[in-house]
Amino acid sequence: MGPLVYWVGGRQFACELTASPDAKPPYAGRHLLSLKCDPDRILELRAEHPGAVLPGYYSDGRTWVSVDLDADLPEELALGLCDMSYDLVFAKLPKRVQREIAGG
């Protein structure tokens, strides 16, 4: 199965995939969720969860993180990061598109 990509308003905010066993370390063989993230929060997350929160896989590591879904991370952390990613991408959409999505 290939990556599962999640979109809002035509823009990606998340991607779930299993990296190839031949991928570069530390990604090789990991079940990853890549998410848009606040750059300041990225530094905190990587310090708090070394090895479980990585620079974005196949994305800009300054604004994206990849979370190892098999790591021992609190579920509320992963869900909160999903919400943050959605909100960051949604906020950059044109106002017209935001209104359409919001139903107004």
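Author: Two terms before we start. Contact means heavy atoms within 4.5 Å. Helices (H or I, at least four residues) and strands (E, at least two) are DSSP runs, numbered from the N terminus.

Reader: Fine. What kind of model is this, and how are residues numbered?

Author: This is a predicted model, where local features need pLDDT of at least 70 and side-chain atom pairs count only at pLDDT 80 or more, while totals for chains, interfaces and linings use all residues. Residues count from 1 along each chain as its sequence is written, and side-chain values use heavy atoms, leaving out hydrogens and water.

Reader: How many helices and strands in the protein chain?

Author: Three helices and five strands. From the N terminus the order is β-β-β-α-β-β-α-α.

Reader: What order do the strands take in the sheet?

Author: β1-β2-β3-β5-β4, in an open sheet with antiparallel pairing. Two strands pair if DSSP finds at least two bridges between them.

Reader: Which strands stand at the edges?

Author: β1 (4-8) and β4 (53-55). Each has a single partner strand, so one side of each lacks a neighbour in the sheet.

Reader: What joins β4 to β5?

Author: Three bridges, and β4 and β5 (residues 64-68) run antiparallel. Val53 stands opposite Val67 in β5.

Reader: Which strands does α1 touch?

Author: Helix α1 (residues 39-48) packs on the sheet and touches β4 and β5. Its direction makes about 130 degrees with that of β4. Axes here are lines fitted to C-alpha atoms, for helices over the stretch in contact, and angles run from 0 to 180 degrees between N-to-C directions.

Reader: New topic. Which residues of α2 are buried?

Author: Leu77, Leu81, Ser85, Val89 and Phe90. Buried means under 20% relative accessible area, exposed over 50%, partly exposed in between (1.4 Å probe, protein chains only).

Reader: Why would residues three or four places apart point the same way?

Author: An α-helix has 3.6 residues a turn, so they do.

Reader: What covers the buried residues of α2?

Author: The cover includes β1, β2 (11-18), β3 (31-36), α1, β5 and α3 (95-102).

Reader: Now Ser34. Buried or exposed?

Author: Buried, at a relative accessible area of 2%. Ser34 is in strand β3.

Reader: What does its side chain make a polar contact with?

Author: The side chain of Ser66, at 2.6 Å. A polar contact is a pair of N or O atoms within 3.5 Å; within protein, one must be able to donate a hydrogen and the other to accept it, and residues adjacent in sequence count only if both atoms are side-chain atoms. Ser34 also touches other residues, including Phe13, Tyr57 and Trp64.
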